[in-house]
Amino acid sequence: MYLWLGFLFIPEQLELHGAISAMALMGVVVVAYFGFLPALYWQWIIKAGKQKPWKMLLVLSLSCVCARYSFPENLAQYFDFITYIRYPVIAVLLLIEFYLMATLIRSISRINTIYYPKIPAKHFCCQHF
C-alpha cells in the first residue's frame, strides 16, 4: 500500500511554476515518506520492540528508494545519491560479515581445543602397528 499510494497519486511531471494542487500533493507524499512512516516505525518497532535506533536508517533509505522511483523525474534526480552509495555500503557490510565469520570460527576452534584436547599418540593401544 505504501508504494501503491505513491505511484497512484503522484503526477508524472511536476511543473515548478504551476499547479498548486500538485505541489501540495507532493508535500503530503514527502511528509508521508519521510515523516509519518519513519515516526510509525520509531513508535512501533524501535520503542515498543526495544530495537536499536540505528535501524531507522533502513526505513529512511527505503523512503529514499521509494521517492526515487515514484517522484516525478525533476524531483527524483535528487535521490540518485542512493545509487552511488549502494556499493560502498555493501562493501562495508561484507567486511563486517567476514569479520564476524572469522571471529565465530576462531571461537569455535577454541571451544574444540577446550573440550577435545589433543591426545598424545603414546596413549593409543594400537601404536605398535
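**View 1. Surface and fold of the predicted model.** The accessible surface of the protein (Shrake-Rupley method, 1.4 Å probe; for residues, only the protein chains shown count as cover) comes to about 10500 Å², and 73% of it belongs to carbon and sulfur atoms. This is a predicted model, in which local features need pLDDT of at least 70 and side-chain atom pairs count only at pLDDT 80 or more, while totals for chains, interfaces and linings use all residues. Residues are numbered from 1 along each chain as its sequence is written, and side-chain values use heavy atoms, with hydrogens and water left out. The protein has five helices and zero strands (DSSP runs, H or I of at least four residues for helices and E of at least two for strands, numbered from the N terminus).

**View 2. The aromatic cluster.** Y33, F34, F71 and F79 form one aromatic cluster. The structure holds three aromatic pairs (ring centres within 6.5 Å; planes under 30 degrees apart are stacked, over 60 edge-to-face, the rest tilted; for Trp the six-membered ring is used). Y33 and F71 are stacked, 5.7 Å centre to centre with 0° between the planes. Y33 lies in helix α2 (residues 20-47) and F71 in the loop between α3 (56-70) and α4 (73-76), 38 residues apart. F71 also pairs edge-to-face with F79, at 5.7 Å and 80°. Y33 is buried at 3% relative accessibility, and F71 at 7% (buried is under 20% relative accessible area, exposed over 50%, partly exposed in between; 1.4 Å probe, protein chains only).

**View 3. Y99 in helix α5.** Y99 belongs to helix α5 (residues 81-115). Y99 is exposed, with a relative accessible area of 55%.
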